[in-house]
Structure formats: structure tokens, C-alpha cells
Amino acid sequence: RNLPILQELEQCDLGIVPTEWQKSQFPKTYQQKLEVIFDGVDTNFFHPHEDSSSLQKQDLTIHNRETGQRFTMEAEKTVLSYATRGMEPIRGFPEFMRALPRLLANNPTMQVFIAGADRRAYSYDAPSHGGSWKNHLLEELGNFSGRERIFFTGLLNYNDYRLLLWRSNLHCYLTRPYVTSWSLFEAAACAARLAVNKSPATKNIIDEKTVTWINLDNNENLSQTLQEALNNDEGPRSRIIKGFELSESLKKWVHLLNTALQGKN
């Protein structure tokens with residue numbers, strides 16, 4: 001599996017990687033060829049809401065973009081959110097689900113919205129239910145108080161996804177050390193209140209003082225830390241570090257290409 005990318009690195013003049021951590025994963029022999037330029041978040045679209053407190057006071061509807069099914073984030077309810085391309089271990093989905101029974105029991109007015117597809121993008125299959133981690137974990141957890149307040153929205157269009165980030169009282173981004181998901185950058189650009197597990201893949205991306213950091217490998221501590229973050233209504237909102245905006249990425253691309261072309265002349 002490594003052979004094609006190693007062959008390309010051997011032959012190329014320059015390679016582009018999106019983060020410093022991902023650059024560090026390549027053999028040191030090739031790192032001198034690699035430039036770090038993130039793809040760029042369109043901050044004209046993903047930006048803080050001008051009056052996020054007003055969103056708490058109204059019912060807001062989001063839709064499964066494939067089926068059209070409607071989901072309502074009710075006024076004055078506490079909203080806990082999680083978004084992923086695939087519900088899988090590499091994105092901390094099992095740990096998130098196992099934290100929910102305690103959180104829902106302690107927060108009778110909380111709604112949980114899980115956006116994403118019931119699939120594995122990178123991880124291994126669940127041991128039952130045809131590999132579905134969603135169904136495997138729902139069976140593992142059984143019937144518990146508040147289970148009816150968990151909503152699986154499926155994939156959302158960008159407007160609904162942004163609305164979820166704006167409305168959420170706490171948005172969870174969980175991952176094992178791997179390619180950092182777009183959703184972390186987008187949530188930070190929207191100034192969502194974020195709970196993130198510490199890993200090499202989540203460092204130097206967001207203002208670390210504006211995030212609740214959690215331990216993905218301590219389920220009891222995970223529930224407690226999320227509860228403390230939910231209790232802190234006035235907690236800080238996340239901020240993306242300068243340099244990850246699309247406008248900045250395009251400037252870096254222009255400079256890189258001009259420099260590379262001049263070197264060829």
C-alpha cells in the first residue's frame with residue numbers, strides 16, 4: 001500500500017501535505033520535498049453566527065439530505081452534537097456512544113444529534129450487525145433513559161450542518177491519531193463550543209485555550225468532562241488558528257507555484 005506514494009515522492013519535485021503532523025508521518029528522507037499547505041476552510045461560509053444566543057430561543061429544523069427526514073432542535077433544549085463521515089472507532093464513535101446514557105440521564109432536556117453515515121470510512125467493521133458500529137452499540141447499550149432523544153440525522157447539506165454547529169451547546173470532535181477531519185476546522189471556524197480529545201492530529205489547529213480537552217480512553221472521565229463543559233454555558237467558543245482559511249491557503253499556493261516555476265527556469 002505504501003509503494004505508490006513512495007514512488008511518487010521519489011519522482012516528484014514537490015509534495016503538498018495539509019498539516020505538520022501529517023508531514024511528520026512520512027520518511028525523513030522525503031520530508032525536505034514536502035510543503036505544508038492546508039486545503040483551506042471557506043470562512044465566508046463557515047464563520048461565527050452574528051447572534052448565536054438567538055438560535056437557542058427557537059425551534060430549528062435540519063434535514064437528512066438523502067431522505068429528507070426532518071429533525072428539530074427544540075428551543076431552550078441543550079444540544080450535544082457529533083459529526084462524522086463514518087461512525088467508526090478511528091473517530092471515537094464507540095466512546096462517544098458509551099458516554100451518552102449517563103449524560104442523557106443527568107440532562108433530561110438534552111438532545112443529541114449525530115450527523116453522518118452509518119459506514120466505516122477508515123476503520124474495521126463492528127463485530128456484529130453486518131459491521132455497523134451504530135447498530136452494534138445501540139444493542140450493546142440496550143434500552144436506557146433518554147435513548148429516544150438521540151437523533152441520527154444522516155448526511156446533512158452544508159447549510160444544515162453549519163446550523164447544527166451554530167446551535168450546538170457542545171460539539172464533540174473525537175479521533176485517533178490519523179488524518180485530521182475537515183469537521184474540526186469547520187467547527188472551529190464557526191466558533192462552536194468544542195470538546196476535543198488530545199492527540200498529535202489535533203494539536204496546532206485550534207486555539208487550545210478555547211477548547212475542552214478530553215481523554216478518549218477514560219469513559220467515566222469522558223462523561224464527567226462533557227458534563228462539566230455542558231454546565232458551563234458561558235464557556236469559550238473555539239477559534240481556528242490563522243493560516244487555515246481558504247484565502248491564506250490560496251496565497252501559499254500562488255507563492256509555492258511561482259517559486260517552483262522560477263526554480264525550473
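Exposed means over 50% relative accessible area, buried under 20%, and partly exposed in between. These legends describe close-up views of a predicted model.

**View 1. Arg 176 and Asp 217 form a salt bridge between two loops.** Asp 217 has 60% relative accessibility, so Asp 217 counts as exposed. The N to O distance of the bridge is 3.0 Å. Arg 176 sits in the loop between β8 and α8, and Asp 217 in the loop between β10 and α9; the pair therefore ties together parts that are 41 residues apart in sequence. Glu 95 joins Arg 176 and Asp 217 in a network of salt bridges. Glu 95 is one of the buried residues of α5.

**View 2. Two other salt bridges, Lys 77 with Glu 74 and Glu 248 with Lys 242.** A search of the whole structure finds eight salt bridges. In the Lys 77–Glu 74 pair, the closest N and O atoms are 2.6 Å apart. Lys 77 is partly exposed, with a relative accessible area of 24%. Glu 74 is also partly exposed, at 32%. The side chains of Glu 248 and Lys 242 meet at 3.5 Å, N to O. Glu 248 is buried at 17%, whereas Lys 242 is exposed at 64%.

**View 3. Helix α5 bends at Leu 100.** The bend is about 35 degrees, and a proline, Pro 101, follows within four residues. The helix covers residues 93–106; at 1.5 Å a residue, its 14 residues should span 20 Å, and the end C-alpha atoms are 20 Å apart, which agrees. Buried residues of α5 include Phe 93, Phe 96, Met 97, Leu 103 and Leu 104. The buried residues of α5 pack against strands β5, β6, β7 and β8, and against helices α6 and α9.

**View 4. Ile 90 is buried in the loop between β5 and α5.** Its relative accessible area is 16%. Ile 90 touches Tyr 122, Ser 123, Leu 174, Thr 175, Arg 176 and Tyr 178, leaving out residues up to four places away in sequence. The C-alpha atoms of Ile 90 and Ala 121 are separated by 9.2 Å, with the two residues 31 apart along the chain.

**View 5. The largest nonpolar core has 34 residues.** Met 73, Leu 194, Val 196 and Ile 206 have the most contacts inside this core. Elements giving two or more residues to the core are β3, β4, β5, β6, α7, α8, β9 and β10. Another core, of 30 residues, lies apart from this one; among its members are Leu 100, Leu 138, Ala 195 and Leu 222. Beyond its neighbours within four places in sequence, Met 73 is in contact with residues including Leu 60, Ile 62, Val 79, Phe 113, Leu 163 and Leu 164.

**View 6. Helix α7 is mostly covered.** Eight of its 10 residues are buried. Among them are Asp 160, Tyr 161, Arg 162, Trp 166 and Arg 167. Asn 157 caps the N-terminal end of α7, with a side-chain oxygen 3.1 Å from the backbone nitrogen of Asn 159.

**View 7. Ser 183 is a buried residue of helix α8.** Helix α8 runs over residues 182–189. The relative accessibility of Ser 183 is 7%. A 3.1 Å polar contact joins the side chains of Ser 183 and Ser 181. Not counting residues up to four places away in sequence, Ser 183 touches Ala 83, Tyr 161 and Tyr 173.

Conventions: Residues are numbered from 1 along each chain as its sequence is written. This is a predicted model: local features need pLDDT of at least 70, side-chain atom pairs count only at pLDDT 80 or more; totals for chains, interfaces and linings use all residues. Side-chain values use heavy atoms; hydrogens and water are left out. Buried means under 20% relative accessible area, exposed over 50%, partly exposed in between (1.4 Å probe, protein chains only). A polar contact is a pair of N or O atoms within 3.5 Å; within protein, one must be able to donate a hydrogen and the other to accept it, and residues adjacent in sequence count only if both atoms are side-chain atoms. Contact means heavy atoms within 4.5 Å. The expected span of a helix is 1.5 Å times one less than its number of residues. The bend at a residue is the angle between axes fitted to the seven residues ending there and the seven starting there. A nonpolar core is a set of buried Ala, Val, Leu, Ile, Met, Phe, Trp, Tyr and Cys residues joined through side-chain atoms within 4.5 Å. A salt bridge is a side-chain nitrogen of Lys or Arg within 4 Å of a carboxyl oxygen of Asp or Glu.
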